[in-house]
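Please look at the sequence and the model below. The text goes from one residue to the chain contacts around it.

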Amino acid sequence: MNHSLLMAILILAPFVGFLINGARYKKHSGNVAGSIATVAVAISFISAILLVVDLISMPAEGRRIAVSFFEWMAIDKFKVNAGFVVDQISAIMILVITGVGTLIHLFSIGYMHHDKGVAKYFAYLNLFIFNMLLLVLGDSLLVMFVGWEGVGLCSYLLIGFWFTDKEKAAAGMKAFITNRIGDAAFLLGMFVLFITFGTLNFSELNALAPTVAESTWLGALTLGTLFLFIGATGKSAQIPLYVWLPDAMAGPTPVSALIHAATMVTAGVYMIVRLNPLFIMAPNTMMVIAIIGAATAVFAATIGITQNDIKKVLAYSTVSQLGYMFLAVGVGAFGAAMFHLMTHAFFKALMFLGSGSVIHGMHEEQDIRKMGGLKKYMPITHITFVMGWLAIIGTPLFSGFFSKDEILAYAFHSPMGSPILWAAGVVGATLTAFYMTRLMALTFWGKSRVSPDVHPHESSAIMTIPLIILAILSVFAGWIGVPHVIGEHLGHMPNFWEHWLHPMISPIPGWTAIDHTTEWVLMGCSVGLATVSAIVAYQFYVKSPETPKKIAESIKPVYNLVNNKYFVDEAYFGGIINPLINLSKNTWYYIDVNFIDKMTFWAGDLVRGMGSFVRSVQTGNMQQYAMYIGIGVVVALSFVIMR
Amino acid sequence: MNTEFITNIGLTHYLVLAALLFVIGMAGVLVRRNVIVLLMSIELMLNSVNLTFVAFSKYLGILDGHIMVFFVMTIAAAEAAVGLALAVSIFKRFNEVNIRFFEHLKG
Amino acid sequence: MGMGKDIFEITVNGLKLVVIFLMMVQMVPILVWLERRGSAFIQDRLGPNRVGPLGLMQLLADAVKFLTKENFVPDTAKPFLYYAAPVFALIPGAVAFSAIPMSSPIQVGTFEMFGSTWGPYTFLVQGYEIGVGIVFILGVSSLAAYTLLMAGWGSGNKYTLMGALRASAQTISYELALGLSIVGVIMLYGTFNLTEMTLAQQGPLSFTFLGNNVTASWLPNWGIFYQPLAAILFFSAAFAESNRLPFDLAEGESELVGGFHTEYGGFKFNMFFIGEYGHMMIASGLMVLFFFGGYTIPYVSVAELNEWAASVTSTAGKASALVALIHFLAFNVKFAFFMWVFIWVRWTLPRFRYDQLMDLGWKTMLPWALANTIITAFVIYIASL
Amino acid sequence: MPLGGVIFIVIFIALFGAFLVWLAANITGTKPVYNPVKYEPYECGIPGIEKKETKISVKYYLTAILFILFDIEIIFMYPWAISFREFISTGGGAFVFISMMVFIAIFIFGLFWEVKSKALEWD
Amino acid sequence: MTADAFLFWFLAFVTLASGLSVILMSNPIYSALCLAMTMVGISALFVTLNAFFIAGVQLIVYAGAVMVLFTMVIMLFDLKKDVQAFTKGKFTGAVKIASVGLLAGLVVGAIAMSVSLMGEKTTDNPVMVGTGMETTKALGNILFSKYIFGFEALGVLLLVIAVGAVALARSKGGTHEH
């Protein structure tokens, strides 16, 4: 089959699913709607596999499938094609999106079984996949932006899916508005880039990037990339625009898994990686990115420790892990960022789905203080969750280990990195191990605190199968990117990942190879600290559940600060939103009502007076109007001719 | 007398002819009172535009003009259908086709 | 200037048009006779048999009667429209009929006349060749609706007006099915040109399917074998287009009297009559062209016939004339068959009710024609894979 | 011969023929003798007392309007039908086929709607 | 004079005469018939411009469908003669006629000017010759590649019109007696 057909199927299959489910949005049968949606995404997945297989069979140089369906717009020099590209980077993304997407769709059939709006739900989900594919496949920033906005819309729709609950509707709104701030910056970034380069096409931008010499600190390149990065912080929930993501947990859990863990939130990382030759030319931006990423990683992890809602913990964990990815990007480790993106997609989707399974089995209970000891009720969920846990805390040879340690190694050694960034990363990893172990302990292990009228049960096969598949991926996905230092002890296992991405990644200026001892030491550090913190957490929450309370008691101010998420939401309200409202109110009263309104009334009276004079012209007589047009044309034409 | 103008037919001839037809149609729109004749005059104007499209298409050697004619025809037919539907609906109710009567429809 | 050479060609072509027009007009009395004799045969009676041998002189008697009728205009009529309508009834039929190729072209070599050399020329056995043949014919014959409306309104009688509205509503309704049924045919031949269509149908049935050549030498390569549904739809719609039974709802003794030509008599009525037969002839001609090989002879390709003609005649011109003659005969045999079918159906089937008629057109034939289009496109696409 | 010439001949002969026919229609026949009853519009026996004012069903008009719209859709299929094979041979067959099927689907939807809304019912 | 030139002048005369009759005939039915004549004339002009398919479509759509609709509606209304065919106001009438006349002069002037400016661009450069088949095929090629969205949009437009026009025509019409 030819590529354009495959590409069309890949992109349009979810859209067709959306149309079908959207047309029958009033239907209640979850099985039918779910099957349609799942099949649609599965078709997409198959065509993605076929495309990637074709891509692999191509020679390494020029490994790229580009399809342009039509010219979208052509305004003078500004030409945009509806063009789509599968290359090394987007190949990974489409596989993750459609693959994980299929599993999550499958899971949703079980999870959303009883919901009334199930057809609508699947329609949105399919629309999301469609938009996500547009985002990752688009060959220019503008096409990407269409998908970018589209996923924002779907995210909004799905967070507020149970919109009759006011709080959930508000959460959707929050996500949307926060994202808009980022999107505005994204648009500005596009403008800057278009003014500088005269194109928005990725390959052209990347090719042109080295030709623009950056003379000033805030030159066009830095400015454009910074704007784009602000856009990315909105979509990928980084400081300062991360606040929407924890609230986004109001949506159905599979949505959290798909959109707010595996795919959409990684769009920012993906965008930066796609433009990496551009970003690498702007070291100042890179520094900002790295700092923000590291800060987010630590910051979100500390909040994660104190949360009691199973999904909130995971949400902060997601923010933290995204911080890792940005840290990686910021130090120039684009490959590592993509690697972590993929492994994170697997284990975080797994954990979210696992939490969904728990919530489902606990009859919509989300508070981990009311769980505990679920191991014996939900064996499969437990086992798979353990796999995810091991992966995320960086247990050696699990997928999270490889990706996280690669990031840390780069953060330490890259000329753009520094030991401080590395230290922040390690602290983040330690904290991650702590709160994830806490989550495990409180949910699955220890004594059961389940209230007697709740009877936890294992979920049906349709929900556990995706869990199992994702668990397998979480364990083994890391093996395609084994670093040399470990690989040479495993029978010289090559680093497939690096080979694959190599042509797309621009080298870090001033990069020297890490010597093996350093790498071993770094690895040992992070693994050791994580292990210690995991054991501590285990001790705290399984062996002696009283200790953490005592500790919290003893450092109450700090605990409260962290437990209330550093009062960031409140700070935003107190520092930005309320003053803004007050300012608006004052300006409204003094300037608007007392000055402008009076002016406008006066002007209005004047205009009305004139209008009543001119009104005599507007007779309703169509032919008179036509006559005016005629006279106008005569005047205009005579002007043109006489000129 | 220069007979070149008569024997050598070129783009100008078609354009002038179309312009005259257009103006005739416009005059119809301006001076006639019957809604249906008004609509017919509009069709005449559209037709004259089609003529310019085709003429340019031939003399510039590109086919896009033909496509435009196609589209214009569709639009014209749609316009006639809706316009006449309105006229029929008003005629059935008020037994009136004078355009001045239609002023009563305002606000 | 080559004008001198053209004059002969223009003259011949002009004469040709006149001849074709006269042929069409002269075919009408013959068909009337055929219809009367045929209906008598079908209904087991004798029919006209007194005037002349086999009643053939009846035609002349009819003509005399038509020409000597009183020539008057009703008081309520609009004289201009009343006179113009019958004339306009003839024009679309005649113009469309001239576009039908009835035989292969005749080649005329160089010859001496009036002291100068003329030729060579190629004369087509059709009024004129136009590249977009079908579209042109459809366009011209769609003008026939005006005749009905002019006659119906111009007569100043309510029966004529209602008859005209009925007839035109029916005509335009079936024009949809007619136009749509042709889409499949156009797709099949990939051309609008009637001659190209004809030539595409010579020889035995053979086509390519999924890369395999399929040949059935026992069948001619006619369109009917590719487009049977289109043929049925086209022929039925053609009946309705020409207001023939079973679709002659424009007339009705009990409700509308004679329909739109109630007020007409004499020669003017005769012209409407010729117009109706003109429609039948165009329909039959197109039927032959689209689905029954046009002027080609079944199983024999044009090239073979040319070879044979060249072997029995002395010059190329004579050979082409012979071939043209044979083709013309072949065309006329097929053509006459369909004219007979028209007559046959008229005396066999009962008429529809008006609502049934409209239902048939809109709710049955239009969807089937659509289905035919889709299926044809699909099969052509699949076959080319 | 230039095609313009052909058209010229056709128009000329058609007009000339029409004139001849019109002439024939007027010359033939005997001169009528005036008779008020003969010159009345035809009625079925009873003399017409009302003036000619007939209420005509709006159905005819509806039919004509739908005819226009569907006719244009059919006309759009002609260029498609004629270039379909070329599209197939140049590899764009599937795209063109699908785009026309979308168009036909809209067509069918319209037809279906008209049938369902009883716009095509004659009683 | 060549046949082509004669044809053009003849058709120009026919279209202009019948076009003028459209607006001068006080009986709308004659207006409609004259407009049909204009359409046929324009169709023939298309033929002289080598646009055979467009000419056929013009016949089918305009002359064969749109104008039939007009004629039918007029007959449906049974309008014998317009009571008041033209505008009454003397002043506005004069202004209207004057503006139309001026427009005519200006447009013709503009065309004459621009043509002399465009110079060699408007020289007879007919790439579309032949019997019309190639043109039609090329038309199909463009229509189904470059203009595919316009084409589909027109399909939707026609659907909307079909629904809307039927609803309008069957409605009782109006909300109040005048």
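E:V100 touches A:G630, B:V23, B:M26, B:A27 and B:L30, leaving aside residues up to four places away in sequence; two residues are in contact if their C-beta atoms, placed from the backbone, lie within 7 Å. The model is predicted: local features need pLDDT of at least 70 and side-chain atom pairs count only at pLDDT 80 or more, while totals for chains, interfaces and linings use all residues. Residues are numbered from 1 along each chain as its sequence is written, and chains are lettered from A and ligands numbered from 1 in the order in which they are written.

E:V100 sits in helix α4 (residues 90–118) of chain E. Helices (H or I, at least four residues) and strands (E, at least two) are DSSP runs, numbered from the N terminus. E:V100 counts as buried because it has 22 C-beta neighbours inside 10 Å; the cut-off for buried is 20 or more other C-beta atoms within 10 Å, with C-beta atoms placed from the backbone.

The contact between chains E and B takes 76 residues from chain E and 63 residues from chain B. On the chain E side, α1 (3–24), α2 (28–48), α3 (52–77), α4, α5 (133–143) and α6 (148–170) give two or more residues each. The largest share, eleven residues, comes from α3(E).

Chain E also meets chain D, in a contact with 42 residues from chain D and 38 residues from chain E. On the chain D side, α1 (3–27), α2 (59–89) and α3 (93–116) each supply at least two residues. Of these, α2(D) gives the most, with 20 residues.

Key:
Buried ≥ 20, exposed ≤ 12 C-beta atoms within 10 Å, placed from the backbone.
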